[in-house]
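This report looks at nonpolar packing and aromatic pairs. The sequence and model come first.

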Amino acid sequence: MRLIILCCLFPLLFSCSDRNEIKDGDLLFVTEDKSNLSEAINRVTQTSLKTNYCHVAIVHVEQDSIWVLESSSKYGSRKILLENFIKEQDSDIYRYRLKKEYAGSIKKAWNNAENMLGKPYNFSYRLNDTSYYCADFIYRLFADDSVFEMNPMTFINPQTGAIDSGWKEYYDNLGIDVPQGEPGCNPNGLAESDKLDYLGKFE
């Protein structure tokens, strides 16, 4: 009887260990912080109570080091040690993982990253090849295999049904029109992908 119980529990224990282990290609989603830009992103992109994210980055395990690749508004597209990335966050971090059938795309992503790191942040959120915002950076890493999708961007505040006042002011300061309906992506949209498994809060 004890042997039977152990045999039944072993796969479960292995599965839990596998989920807890940091793996190459894990995606880190950061919840809303107190910045105006973070709040504005969340107001118009939150898709469920689970997905209230304003930033996304990706883990790259390289020999004995664990790195994070991201495009941040402060530093642009960069590679930073995981421990330093965590120290910089003022909000909770949640972890997702590509399902097994898409895991083969991860090695290709690192090849794409070589040409993307060091580029500035894309503050206009209009697609171009010289700067990236966080979700756009992740999308392009996996673009060769069409892992994620672009969708028409919305800057509509669901509570008012009009262009969010924060975004209206943001684009007025940039001197350009709000890119309502133009193709793009956001952290909440990526997190809702059926190609990802939700692993829970990152401790």
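Is Tyr-53 buried or exposed? Tyr-53 is buried, with a relative accessible area of 0%. Buried means under 20% relative accessible area, exposed over 50%, and partly exposed in between, with a 1.4 Å probe and protein chains only.

## Basis

This is a predicted model: local features need pLDDT of at least 70, side-chain atom pairs count only at pLDDT 80 or more, and totals for chains, interfaces and linings use all residues. Residues are numbered from 1 along each chain as its sequence is written, and side-chain values use heavy atoms, leaving out hydrogens and water.

## Nonpolar cores

In soluble globular proteins, nonpolar side chains tend to be buried together. A nonpolar core here is a set of buried Ala, Val, Leu, Ile, Met, Phe, Trp, Tyr and Cys residues joined through side-chain atoms within 4.5 Å. The largest one has 36 residues. Phe-29, Ile-138, Leu-141, Phe-142 and Phe-148 have the most contacts inside it. Elements giving two or more residues to this core include strand 1 (27–31), strand 2 (53–62), strand 5 (93–98) and helix 4 (105–113). Helix 5 supplies the largest share, five residues. Helices (H or I, at least four residues) and strands (E, at least two) are DSSP runs, numbered from the N terminus.

Phe-142 touches Ile-58, Leu-98, Ser-105, Ile-106, Ala-109, Val-147 and Phe-148, not counting residues up to four places away in sequence. Contact means heavy atoms within 4.5 Å. Another core, of ten residues, lies apart from the largest one. Leu-28, Val-59, Phe-85 and Phe-202 are among its members.

## Aromatic pairs

The structure holds 18 aromatic pairs. Rings of Phe, Tyr and Trp (its six-membered ring) pair if their centres lie within 6.5 Å; planes under 30 degrees apart count as stacked, over 60 as edge-to-face and the rest as tilted. Tyr-53 and Tyr-94 form a tilted pair, 6.0 Å centre to centre with 45° between the planes. Tyr-53 sits in strand 2 and Tyr-94 in strand 5, 41 residues apart. Tyr-94 is buried, at 18% relative accessible area.

Why is the pair of Tyr-125 and Trp-167 edge-to-face? The ring centres are 5.8 Å apart and the planes lie at 85°, so the pair is edge-to-face. Tyr-125 lies in the loop between helix 4 and helix 5, and Trp-167 in helix 6, so the pair ties together parts 42 residues apart in sequence. Tyr-125 is buried at 6%, and Trp-167 is buried at 3%. Ring pairs link both into a cluster with Tyr-121, Phe-123, Tyr-133, Phe-155, Tyr-170 and Tyr-171.
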